[in-house]
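Subject: A structure for you to explore

Hi there,

Here is the structure I promised to pass on. Have a look around it first, and then read my notes below.

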Amino acid sequence: MTIILPSSPLPKSATPAPIVFGGWQTPATGGVESWLGFMGSRLSMAIETPNLRPEPDGRLWTAALLDAWLTGEPVACRFPQPGLVSRVGLPAGGTGVAVDGAGQAGMTLNVRGMAAGSSVVRRQFFHIMHAGRRYLHYATGSVLADANGTAAVPIGPMLRIQPDDGDHCEFGEPMIEGKLSGNDKGWTMIPARVQGLSFTIAEIA
């Protein structure tokens, strides 16, 4: 079961980084180099929290991290997008944005369930919830939902699973989910606070 990290206080800093499968191929006898990419590229994020009040912040943060270290369960944390106000709206009675059609692959994702005229802006992150796991992506270009609330969103990295029709897509509060590393030697408690924690979440699929 995925362990959800506390939503407050917000991290002092967050450093996303790509995990890339592929690379530039250099011909042995010279010539033009070419890029060879493989499905599976994904993201990681290094997180540093501010100093935490012992109660309740220090208790909740350290307990969540300890649970993950001791059980090996994945963790999930909100992916920050400072200053971005999502323009992805829902129609009256809408239940959320969802994958529109099974069997999708590549670097375009068809979605439905938006309010007509909603916009996904370039470099806006979102996650797809598939089989109980979150997969983080971002829009490589801006798009508008049509009158039916559907859109074809160009994405990066390429899809590394085939999402099911109806899988939820979260544009408002996307999260990164994966394995935890760092700070596994514990944390420092000093009078009246827990010293800031540093760790990394890396997607595992």
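Trp35 sits in strand β4, which covers residues 34-37; helices (H or I, at least four residues) and strands (E, at least two) are DSSP runs, numbered from the N terminus. Trp35 counts as partly exposed because its relative accessibility is 47%; buried means under 20% relative accessible area, exposed over 50%, and partly exposed in between (1.4 Å probe, protein chains only). Together with Val20 and Trp24, Trp35 makes a nonpolar surface patch of about 370 Å². For such a patch, residues need over 30% relative accessible area and no salt bridge, and nonpolar side chains (Val, Leu, Ile, Met, Phe, Trp, Tyr) are joined within 5 Å. A salt bridge is a side-chain nitrogen of Lys or Arg within 4 Å of a carboxyl oxygen of Asp or Glu, and the areas come from the Shrake-Rupley method with a 1.4 Å probe, with only the protein chains shown counting as cover for residues.

Before you go on, please keep in mind that this is a predicted model, where local features need pLDDT of at least 70, side-chain atom pairs count only at pLDDT 80 or more, and totals for chains, interfaces and linings use all residues. Residues are numbered from 1 along each chain as its sequence is written, and side-chain values use heavy atoms, with hydrogens and water left out.

Now for the inside. The largest nonpolar core has 21 residues, and Leu5, Val75, Ile176, Leu197, Phe199 and Ile201 touch the most other members. (Such a core is a set of buried Ala, Val, Leu, Ile, Met, Phe, Trp, Tyr and Cys residues joined through side-chain atoms within 4.5 Å.) The largest share of this core, four residues, is supplied by α1.

Next, the sheet. Six strands form an open sheet with mixed pairing, in the order β1-β6-β15-β18-β5-β2; two strands pair if DSSP finds at least two bridges between them. At its edges are β1 (3-4) and β2 (13-19), each pairing on one side only. β15 and β18 run antiparallel and share three bridges, and Leu180 stands opposite Ile201 in β18.

Is strand β10 (residues 125-130) enclosed or open? Five of its six residues are buried, so β10 is largely enclosed by the rest of the structure. β10 pairs with β11 (residues 133-139) in the antiparallel sense over six bridges, with His127 opposite Leu136. Two residues lie between the strands of this hairpin, where Ala131 takes a positive phi near 50°. β10 also runs antiparallel to β14 (residues 168-170), joined by three bridges.

Enjoy exploring!

Terms used: Patch = residues over 30% accessible without salt bridge, like charges linked within 9 Å, V, L, I, M, F, W, Y side chains within 5 Å.
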